[in-house]
Amino acid sequence: MFHKTLIGVATALSLSVAPIAAKATELFVYHSWSAESEVAALNVLIDALAKKGITWSEIAIPHESESNVGLINLVTGGNPPDVFIESNPGFYRDLKQMGLAQPVTELFNSEHITENLPPAVVQSITVDGDIMKIPTAIHIDGMIYYNKAVAAAAGVDPTSWTSLDDMWADEKKVEDAGYTFMAMGGNTFQAGYLFHALVAAMAGPDIYYRLYGPEPDPTVFDEPALRDVIDMHRRITSQADDGWVNRSWADTTNTVITGKALMHLHGDWMKGQWRAAGATAGNEFGCINIPGTKALSVTVDAFGLLGGVDEETKQAEFEFAKIVTDPQIAADFAAKKGSTPVRSDAPSGAMDICNTVVLDGLRDIGGVQNPFNITDGDWHMSIWNVLFEFQSDPNMTDDDVIAGLKDEYDAIFG
Amino acid sequence: MTDILPLSPNQKAFKEYPKKPAKIKGSSIAILIFLTMCALFIAVPLYVMIVTSIKHMDQIRLGEIFSLPTQVTFEPWWKAWNEVCSGVQCEGVKVGFFNSLAILFPSLILSIGLSMVTGYALALWNVKWAGTFLFILFTAAFVPFQIIMIPLIILSGIIKVYGTIWGVAIVHAVLAMPLLTLIFRNYYKDIPNEIMSAALMDSGSFWRIFFEIVLPMSGNILIVVLILQITSIWNDFIIGLYFGGIGTKPMTVILANSVITSRGEISYNVDMAAALLTAIPPLVIYFVLGKFFVQGITAGAIKG
């Protein structure tokens, strides 16, 4: 991994170069958020910090890659941020080796935070037994958001579906009414997210973790359930209309918003697009989990804290952690961002029906971690590539996909 | 004297020969088609950008990217300039515009000044190991930036310029030095020896000859290098991103922050307006100085 190669250099440098240290009551924050909803959510934290006398100085660097080069460069350049958005557990292991990690296990236990987080969130923020991350938001990687007007016009009710078979039973009805049944986009991100959401939903946690665990189990390729998932991936992606090629998830959701398609199966950040179009959950659009799902794949956005800092900065960092996980602030943050609060005991006043679906699902069904949090980055990207190739080539069979995954596995772990 | 008789209406001044039908060569047609395709390659995306930037999102959501706006709005342009966010700072790309200007001038002065003097020394003075130095410079021109990025970050951290405008300027100067030094050196090596000899006989020192003789002769090549450098520094993303500090991010980084999002909502009209605003300064430079650019290159080529 790229940043692993830098550890030696970064360690030496972080010790030899004096950091451009933030003032005691100023937190230097690194993040990658600039969208309107994201900024509104961050402002909830900034306002709460200001009331505690802590100011926010930041550096925002966009990135969409597995390796968070911007953050690594800040550490390497001797200017590490006090607080940073990063989910990859490998990064925290590297920080620990450099003496720059800051666990919050004790703080979370003494403040009764841990006991009020859903188990999937606790799992996601724990690295090698220590809680290393401050969770800010829950997103579900595979939900169905549908256009209520289209559903009414086609005479279908997605909330009545209890299995994927139920869902497909309504396909013809929707198509006969003149609508696309499922909206479809086309890039590796969407193909990969659809696949891991289906693995969690259809094959369940055991097969999911055997495929996406830190050390994948090659016997998983022989599981019939994995083939069922591949078949379902094909069936869903076959819904693609003429414009699917290179269509982003946002544009795909737009086809549902504008009433061309009934629904979109993707991450629940689709809500941001709906809200930007002036629509609200329960009125213009509805949302359900994948019908009959066995597990929800959960993305937990989280901040990390820098260790090895002076006592005052450390206290400011801890105050930040307490603010982020305060039930009311967590609810306000989620309402602005369009996510679900990380606290199970967050007040429900600001929640919409989609938040309720998510929290009920996490309580009743349970979740698995997003692959970004647990598996090898090269392996994860390889799965994306194989599945996108499968989506793009109608002649590829299940066997081809399994063979492709095996080849990638051998190349990375063999 | 002989009188010139006027022509009668039936007479013609010149004898007419039958016109040959104009032939268009196959190769000309191929070139025309190729050039048209090249033009469309740039023009079509530019058209989409411009029309998208003046559409309402309601129309954009329909996905018809080539359609003309049903209702023209300039709000996205205003929003892009004044309101888009880079992190929690929501003051538009104008913040980046002024940062880019602040980065541009020291970067230009450092990179051009350093390369000009080095090129002058290598071309007109007996510098020990000049050949070896030139070879190393030439080799360095082919080293990708990504390979030396981390060492440069460490070095800039050690000399305490990491995260400052001067840090960005120094990195620009270092990275531009191989190419610019070669350009200046090749330009100056054609200055006649007689001029240098005369200058030396007049007790000209290194700096005096540079400022009083060489610099005034450098107009053409300076224009070329200025355009190259302004475009390269203004369009740079990676150096500004990794070497700029808090509040010193160039326009390209502010643009990327406002446009790139993996899971946030997307406003294509504002994104397109912000991208066009960022692209305008280099375009203006080309339109204003383009003629001089061609002259400069031609002058250099003839001299060479």
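The structure is a predicted model. Taken along the principal axes, the C-alpha atoms of chain A fill a box of roughly 65 × 50 × 35 Å. Within chain A, 53% of the 414 residues are buried. Of the contacts in chain A with a separation of 6 or more, 78% are between residues 24 or more positions apart. The secondary structure of chain A consists of 19 helices and twelve strands.

Chain A is divided into two domains: domain 1 covers 2–140 + 299–369, and domain 2 covers 143–297 + 373–413. A distance of 28 Å separates the C-alpha centres of domain 1 and domain 2 of chain A. Their contact takes 20 residues from domain 1 of chain A and 24 residues from domain 2 of chain A. On the side of domain 1 of chain A that touches domain 2 of chain A, the elements giving two or more residues are β6 (133–140), α16 (353–364) and β12 (367–369) of chain A. Helix α16(A) supplies the largest share of this side, six residues. Sorted by class, the side of domain 1 of chain A that touches domain 2 of chain A holds nine nonpolar, nine polar and two charged residues.

One of the sheets of chain A can be followed strand by strand. Strands of a sheet pair through backbone hydrogen bonds, and the pairing may be parallel or antiparallel. In chain A, four strands form an open sheet in the order β8-β9-β7-β10, with mixed pairing. Its edge strands are β8 (180–182) and β10 (285–289) of chain A, each of which pairs on one side only. With direction ignored, neighbouring strands of this sheet are turned by 20 degrees against each other on average. Strand β8(A) runs parallel to strand β9 (residues 261–266) of chain A, and two bridges join them. For T180(A), the bridge partner in β9(A) is A261(A).

D128(A) has a phi near 50 degrees, which is a positive value in a residue other than glycine. D128(A) is placed in the loop between β4 (126–127) and β5 (130–131) of chain A. D128(A) is exposed because 10 other C-beta atoms lie within 10 Å, and a residue with 12 or fewer is classed as exposed.

The account now turns to chain B. Chain B is divided into domain 1 (26–73) and domain 2 (95–249 + 275–303). The C-alpha centres of domain 1 and domain 2 of chain B are 36 Å apart.

Where do the two chains meet? Contact between them involves 28 residues of chain B and 41 residues of chain A. On the side of chain B that touches chain A, two or more residues come from each of α6 (145–158), α11 (238–243) and α12 (251–259) of chain B. Of these elements, α6(B) gives the most, with five residues. The side of chain B that touches chain A comprises 15 nonpolar, ten polar and three charged residues.

The loop between α6 and α7 (165–188) of chain B contains K160(B). K160(B) is not a glycine, yet its phi is positive, at about 60 degrees. K160(B) counts as partly exposed because it has 14 C-beta neighbours inside 10 Å, a number in between the limits of 12 or fewer for exposed and 20 or more for buried.

Elsewhere in chain B, L110(B) is found in helix α4 (residues 94–124) of chain B. Not counting residues up to four places away in sequence, L110(B) touches A169(B), I170(B) and A173(B). L110(B) and F184(B) are 74 residues apart in sequence, with a C-alpha to C-alpha distance of 15 Å in space. Is L110(B) buried or partly exposed? L110(B) has 19 C-beta neighbours inside 10 Å and therefore counts as partly exposed, since burial requires 20 or more.

Methods. Residues numbered from 1 in each chain as written. Chains lettered and ligands numbered in written order. Predicted model: local features only at pLDDT ≥ 70, side-chain atom pairs only at ≥ 80, totals over all residues. Domains from an automatic or database assignment. Contact = placed C-beta atoms within 7 Å. Nonpolar A, V, L, I, M, F, W, Y, C, P; charged D, E, K, R; others polar. Pairing = 2+ DSSP bridges. Axes fitted to C-alpha atoms, helices over the stretch in contact; angles between N-to-C directions.
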